[in-house]
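Here is a short briefing on one protein chain.

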Amino acid sequence: MIAASRKLLSGSAAVLLSAAVVGAGGLPEAVTNHPADAPAVAQEDTTTEVGWRLLAKLNYRTGEKTDSLAALDGKLVKIPGFTVPLEDWASSATEFLLVPYVGACIHTPPPPPNQLVYIEMDEGKRAKMDGWNPVWVEGVLKIEMTESVYGHVGFTITGQKVYPYES
């Protein structure tokens, strides 16, 4: 199913993607005010909670990443965010995007690749899609550039659990 949801960027999509890129050192206000902006925090069950500011440390143009971000590659993580189904009107999905703020990618330019996570649920599990309410996604993080219908994505997660966000 991954191949069905990926495609090459067209010229206009590339322009929209570059329009969403934030100036050096800055994050959009909606990202800065996100409840999980803190650095990675190890949980008791060996799941590491990851905030969007840490993900933003991926330089998606060069592939360079901080040591703390690189240490998470291949690890079990927990990231809060909002779901964006890759199929129109899907109420549940086996693959979707996780974004840092509600409404990202829907009728607006997408966030930059270091603020998009491509989720493919493990073993065909389905996750409920409710883009208006935040969720936690737990799974194995890979730092790799991939493509989705919304453009380049800097991270993938093999999703194990998706559940409502609670601080």
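In which sense do β8 and β9 pair, and over how many bridges? They pair in the antiparallel sense, over twelve bridges. Keep in mind that this is a predicted model.

**Overall make-up**
- The chain holds five helices and nine strands.
- Read from the N terminus, the order of elements is α-α-α-β-β-α-α-β-β-β-β-β-β-β.
- The chain has 167 residues, and 40% of them are buried.
- Among contacts with a separation of 6 or more, 67% join residues 24 or more positions apart.
- The exposed surface comes to about 8,700 Å², with 53% of it supplied by carbon and sulfur atoms.

**Strand pairing**
- β8 and β9 form a hairpin, with two residues between the strands.
- Within this pairing, V137 stands opposite V162 in β9.
- β9 also pairs with β6, here in the parallel sense and over five bridges.
- On that side, E120 stands opposite T158 in β9.

**Nonpolar cores**
- The largest nonpolar core has 23 residues.
- The members that touch the most others in this core are L55, I79, L98, V117, I119, F155 and I157.
- Two or more residues come from each of α4 (52-55), β3 (76-85), β5 (95-99), β6 (117-121), β8 (135-148) and β9 (151-164).
- β8 gives the largest share of this core, with four residues.
- A second core is separate and has ten residues, including L86, C105, L116 and Y118.

**L98 and its contacts**
- Leaving out residues up to four places away in sequence, L98 touches W52, I79, P80, G81 and F82, among others.

**E138, a buried charge**
- E138 lies in strand β8.
- Does E138 have a salt bridge, or no salt bridge? E138 is buried yet has no salt bridge.
- The nearest side chain of opposite charge is K161, at 4.0 Å.
- Neighbours within four places in sequence aside, E138 is in contact with T47, V77, K78, T158, G159, Q160, K161 and Y163.
- One of these, T158, is the residue that E120 stands opposite in β9.

Note on methods: Residues are numbered from 1 along each chain as its sequence is written. This is a predicted model: local features need pLDDT of at least 70, side-chain atom pairs count only at pLDDT 80 or more; totals for chains, interfaces and linings use all residues. Side-chain values use heavy atoms; hydrogens and water are left out. A nonpolar core is a set of buried Ala, Val, Leu, Ile, Met, Phe, Trp, Tyr and Cys residues joined through side-chain atoms within 4.5 Å. Buried means under 20% relative accessible area, exposed over 50%, partly exposed in between (1.4 Å probe, protein chains only). Contact means heavy atoms within 4.5 Å. Accessible areas come from the Shrake-Rupley method with a 1.4 Å probe; for residues, only the protein chains shown count as cover. Lys and Arg count as positive and Asp and Glu as negative; His and the chain ends are not counted. Two strands pair if DSSP finds at least two bridges between them.
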